[in-house]
Amino acid sequence: MTHTYEPPVPDYRIDGFEAATEQIGEDFSSVTLTDDLFVTLADHHSADGRDSYLLLYDRAAIWDTPGTAEYVSLHITRDVEQRTFAFASERHPVAPLAQNWLISRGYPSEAAEVSNHGPRPADALTARLEDLLRANPGNRYEVLDHYTDNPSSFVFGVEVRTLIYDSHPDAADAPYRLFLEETTKDLRSYTVREGAFASADAADAWAMKRDSPLPPAPAPPGKADRRTAAARARSTVTGNSLAVAPAPVSPPRSAGPPPTRPREGTL
């Protein structure tokens, strides 16, 4: 007999608690309606029992509106004396942005590493860019738009496009940054690359046409990294893309590049 692994329902730790208001209860039920399809990537529960932080991957997002973000961050707060709870939640296109949201609400940064579900970063540049998004130093990044292209198929990979405004002075000439996350079709690894544009319209046009390489973000003055620049230059334009769709079980790696598929959606 073959058994299919199903991840456990997230540990909300609200047994014995009631929602602080009727509206909070309705909202929580709405957010967790399909939690049998949630995969817990990271969670943390405070020692005093007042706070729980969860980073979840929503496998049901592929049946939602095209482009729907697949990561859900959830912060549950409890009044342990009154035995009531409240919560805040938000959807994010990529895991580092979800981690940033949780950390800003009190999630210990040292505990924010995701569990070993699904694809892993393919190279050092991917890890560095994810670190930037996770830390968001000086609150320099503002998310303007995003689109997740997940065909839910082993024929194509997954792509996530996240359009961000970078307020850092070094980015003044091209402050619109397109973070492109591309996961291989076998869901084993993914890359992240950053493109720099003078306007949001220019970033949208590139995402639709794909007739040139992703314009690399210039290195900060005095901090040029030739290896990083070379890695960006080698980033090719493909019909697949980026995004990290956690998969508890990954299929065997397939040989050869995936066929090109038509582009869908805009930023």
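Modeller: What follows goes from the sheet to the helices. This is a predicted model, in which local features need pLDDT of at least 70 and side-chain atom pairs count only at pLDDT 80 or more, while totals for chains, interfaces and linings use all residues. Residues are numbered from 1 along each chain as its sequence is written, and side-chain values use heavy atoms, with hydrogens and water left out.

Helices (H or I, at least four residues) and strands (E, at least two) are DSSP runs, numbered from the N terminus. Two strands pair if DSSP finds at least two bridges between them. The open sheet has 5 strands in the order E1-E5-E4-E3-E2, with mixed pairing. At its edges are strand E1 (18-19) and strand E2 (38-45), each pairing on one side only. E2 pairs with strand E3 (residues 51-58) in the antiparallel sense, over 7 bridges. Ala-42 has Leu-55 in E3 as its bridge partner.

Helix H2 (residues 95-104) packs on the sheet and touches E3, E4 and E5, where contact means heavy atoms within 4.5 Å. The direction of H2 makes about 15° with that of E4; axes are lines fitted to C-alpha atoms, for helices over the stretch in contact, and angles run from 0 to 180 degrees between N-to-C directions.

H2 also packs with helix H3 (residues 124-135), at an angle of about 30° and with the axes 7 Å apart. The two helices, H2 and H3, are therefore roughly parallel to each other, as angles under 35 degrees count as roughly parallel. Pro-96, Leu-97, Gln-99, Asn-100 and Ile-103 in H2 meet Glu-130, Leu-133, Arg-134 and Ala-135 in H3.

Methods. Angles under 35 degrees count as roughly parallel, over 145 as roughly antiparallel, 65 to 115 as roughly perpendicular and the rest as oblique.
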